[in-house]
Amino acid sequence: MVMFRQPAVVLAVLLLALPLSAISSLSIGAVELSFNQVLGALIGSNTDSFDQQIIWDLRMPRMLLALFAGAGLSLAGLMLQTVTRNPLADPYLFGISSGAALGVVLTVSLSGTSYFYGANISLSIAAFVGSLVAMSLLLIVSGSALARQVESMLLAGVALSFLFSAMTSVSLYYSDPQAISAVIFWTMGSFARAQWHSLLMPAFFLVIVLSVVVIWRRQLTALLLGDESAITLGVNVRKFRFMMLALSSLLTASLVSVCGGIGFVGLMIPHIVRFLVSQASAVNPILVALLGGIFMLWVDVLARSLLTNQELPIGVITGLLGSLFFLSLMYWRRRQVRV
């Protein structure tokens, strides 16, 4: 167990697991492809046009979107848990995903279903505005209680999540049936809309946010010691916390606008990585992004293969796993308090 607490070992294992998981994701589907067929299509040695079309036009964008979504949501969860010093923080539980989804649903309901299927940047803007509204309301509701009781932000986030979900349902209720059928499956999380052009914004913000987190990791670690200690170390706590919250909202919004609401990923993955390596490790954000991406690749495989000729929403699987993880985490924390 000591060996696996070495960041270099964990990083090497994840770097090895990533390409294997990616190739496995590309090979599993309605049309089964062998490992050699997938590898041949990737390097160009497989001249079968049908295999090439399946890999590059259908499965590769979906695989990359799942990878970006897992990495981005996990990274956003790590940022929220660090700046709020709340181990239960998550973009979904804090209402950020629900706010972004509400922005997208309102845009589709008011502008027409063509906005949903097109490469319209309005969806990403609407998702970002919705996530910022959710985060602003969260900060207003929780007020200055962060320094005294970090659980207050979680309670406020859950309440806001229910509020935005109710508003989303009302918007869908008054929309035309075509818009409802187009959006309802997406709101539960789906990579079915993955196209090459839809990957640009999530990839861009993932790279930017990951770079910022790696560069400012010392400041993030200082926040874990408390606001007073961070201030003595030269951190402008108020400005830095706002920047991290805004970046996590931006990253979440860029993902929600493409793949819908996917919950609990940002809660589970940082905790798993924290169990493997120290939270103060320099590679901790990279490990969180890698493990989150690998996790989401296999969740997508399950969503496509559990039912014959049907696809489960991604959010159903992550919600099932995440709720069990959440309950276990709450039980473990209560046992620690009692001890």
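## Surroundings of T82

Leaving aside its neighbours within four places in sequence, T82 is in contact with L220, L223, L224 and Q279, where contact means heavy atoms within 4.5 Å. T82 is found in helix α3, residues 49-83, helices here being DSSP runs (H or I, at least four residues) numbered from the N terminus. Its relative accessibility is 5%, so T82 counts as buried; buried means under 20% relative accessible area, exposed over 50%, and partly exposed in between, with a 1.4 Å probe and protein chains only.

## Basis of the values

This is a predicted model, in which local features need pLDDT of at least 70 and side-chain atom pairs count only at pLDDT 80 or more, whereas totals for chains, interfaces and linings use all residues. Residues are numbered from 1 along each chain as its sequence is written, and side-chain values use heavy atoms, with hydrogens and water left out.

## Packing of α9 against α12

Helix α9 (residues 200-215) and helix α12 (residues 237-259) have axes that come within 9 Å and cross at roughly 155°, the axes being lines fitted to C-alpha atoms over the stretch in contact, with angles from 0 to 180 degrees between N-to-C directions. That makes α9 roughly antiparallel to α12 (under 35 degrees counts as roughly parallel, over 145 as roughly antiparallel, 65 to 115 as roughly perpendicular and the rest as oblique).

On the α9 side the contact is made by M201, P202, F205, L206, V209 and V212, and on the α12 side by M244, L247, L250, L251, S254, L255 and V258. By class, this contact has 12 nonpolar, 1 polar and no charged residues, where Ala, Val, Leu, Ile, Met, Phe, Trp, Tyr, Cys and Pro count as nonpolar, Asp, Glu, Lys and Arg as charged, and the others, Gly among them, as polar.

## Aromatic pairs

The whole structure holds 3 aromatic pairs, a pair being rings of Phe, Tyr and Trp (its six-membered ring) with centres within 6.5 Å, and planes under 30 degrees apart counting as stacked, over 60 as edge-to-face and the rest as tilted. The rings of F204 and F205 have centres 5.2 Å apart and planes at 70°, so this pair is edge-to-face. F205, at 16% relative accessibility, counts as buried.

In another pair, the centres of W216 and F240 are 5.8 Å apart and the planes lie at 40°, so the pair is tilted. W216 lies in the loop between α9 and α10 (217-223) and F240 in helix α12, 24 residues apart. W216 counts as partly exposed at 35% relative accessibility, whereas F240, at 5%, counts as buried.

Technical notes: Helices (H or I, at least four residues) and strands (E, at least two) are DSSP runs, numbered from the N terminus.
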